[in-house]
Amino acid sequence: MGFDEMDVDTIWMDGEFVDWDDAQIHVLTHGLHYGTGVFEGARCYDTENGPALFRWEEHLERLYQSAKPYEMEIDHTPAELTEATKTLIRRQELPSCYVRPIAYYGYNSLGVSPKDCPTRTAIAAWPWGTYLGEDALEDGIDVMISSWRKHASSQIPTNAKTTGLYVNSMLAGEEARRNGYAEAIVLNKEGNVAEGPGENVFLVRDDELYTPGLSESILDGITRDTVIRIAEELGYAVHDDVSISRGELNTADELFFTGSAAEVTPIRKVDNVVIGDGSRGPVTEDIQQRFFDILEQAPEEYDEWFEYVDIE
């Protein structure tokens with residue numbers, strides 16, 4: 001579904017609410033030419049206690065941390081961005097939605113150095129279903145190993161969620177789709193598993209979970225962290241600082257992606273090699289069910305994960 005088909009009409013930009021079609025930037029914006037922006041992707045869920053932003057505090061913390069390597073000063077406090085986001089959701093009456101905060105170097109000069117460019121900030125929210133398709137949550141998806149490699153943290157900071165870096169993700173994802181797959185898995189420069197174009201990867205073997213460590217050129221995913229906590233509370237051993245070879249994917253009992261957009265999505269094939277029995281595995285299903293139960297019920301023990309919006 002395109003934006004024109006959605007019932008959304010407002011975007012917050014630099015402290016003001018503007019009409020969706022008027023949320024525009026100058027063609028010589030620094031971030032457009034050099035990819036100098038940082039962003040987040042969060043979700044608001046319609047819980048039993050009302051609409052709530054999920055792990056919003058962690059998303060904002062990562063946004064500000066992502067800005068640091070680029071010496072980007074975001075001109076709004078986390079409290080201001082939180083209130084702006086809640087108001088944006090209320091104005092558009094969105095009980096559940098995807099939320100995209102972004103900060104970027106704006107228009108002033110067009111040298112590679114952004115020293116004279118202002119930092120601009122915007123927030124958009126819109127209805128968005130499961131990123132890889134509703135059927136994917138139960139049936140799983142087919143993925144391929146991309147020919148594109150993930151850059152190393154010695155080249156560009158991998159712990160920052162930077163707009164320009166997603167060219168790597170776009171190339172890997174589009175390569176997969178051209179070849180008939182739903183998504184890609186990207187290897188790092190050493191040839192080990194890094195992540196998906198917009199997801200972290202989990203491997204299940206003998207009812208234990210394995211996921212690449214932060215030194216493997218991955219983004220420290222917030223849904224990744226959520227799943228690690230859920231899995232441990234369910235009694236599973238989790239190894240979250242490992243290297244996973246390409247070959248290990250083929251012999252896994254189960255594989256799944258995690259991400260704010262993808263949520264918890266099973267992987268049934270890698271390069272046409274069937275994983276497990278070719279369907280959502282029992283460990284994945286157990287974790288996935290608990291994940292969505294938490295999002296629906298917002299139980300008290302997870303209260304710190306929910307920022308309520310209070311739509312009237």
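Two residues are in contact here when they have heavy atoms within 4.5 Å of each other. With that in hand, take the contacts in this predicted model that have a sequence separation of 6 or more: 72% of them join residues 24 or more positions apart.

Next, the overall dimensions. The protein has 312 residues, and a compact globule of that length would have a radius of gyration near 20 Å; the value here is 19 Å, so the two agree. Along the principal axes, the C-alpha atoms fill a box of roughly 55 × 45 × 35 Å. The secondary structure consists of 8 helices and 17 strands.

On to burial and surface. Of the 312 residues, 52% are buried.

Now charge. There are 60 negative side chains and 24 positive ones. The centres of these two sets lie 6 Å apart.

One residue I want to pick out is Glu175. Where does Glu175 sit? It is placed in helix α5, which covers residues 166-178. Glu175 is buried, yet it has no salt bridge. Why is there none? A salt bridge needs a side-chain nitrogen of Lys or Arg within 4 Å of a carboxyl oxygen, and the nearest side chain of opposite charge to Glu175, that of Arg178, is 5.5 Å away.

Which residues does Glu175 touch, leaving aside its neighbours within four places in sequence? Those contacts are with Met144, Ser146, Ser147 and Trp148.

That is the end of my part.

Technical notes:
Residues numbered from 1 in each chain as written. Predicted model: local features only at pLDDT ≥ 70, side-chain atom pairs only at ≥ 80, totals over all residues. Heavy atoms only, no water. Helix = DSSP H or I, 4+ residues; strand = E, 2+ residues; numbered from the N terminus. Buried < 20%, exposed > 50% of the residue type's maximum accessible area, 1.4 Å probe, protein only. Lys, Arg positive; Asp, Glu negative; His and termini not counted. Rg over C-alpha atoms; globule rule 2.2 N^0.38 Å. Charge placed at Lys NZ, Arg CZ, Asp CG, Glu CD.
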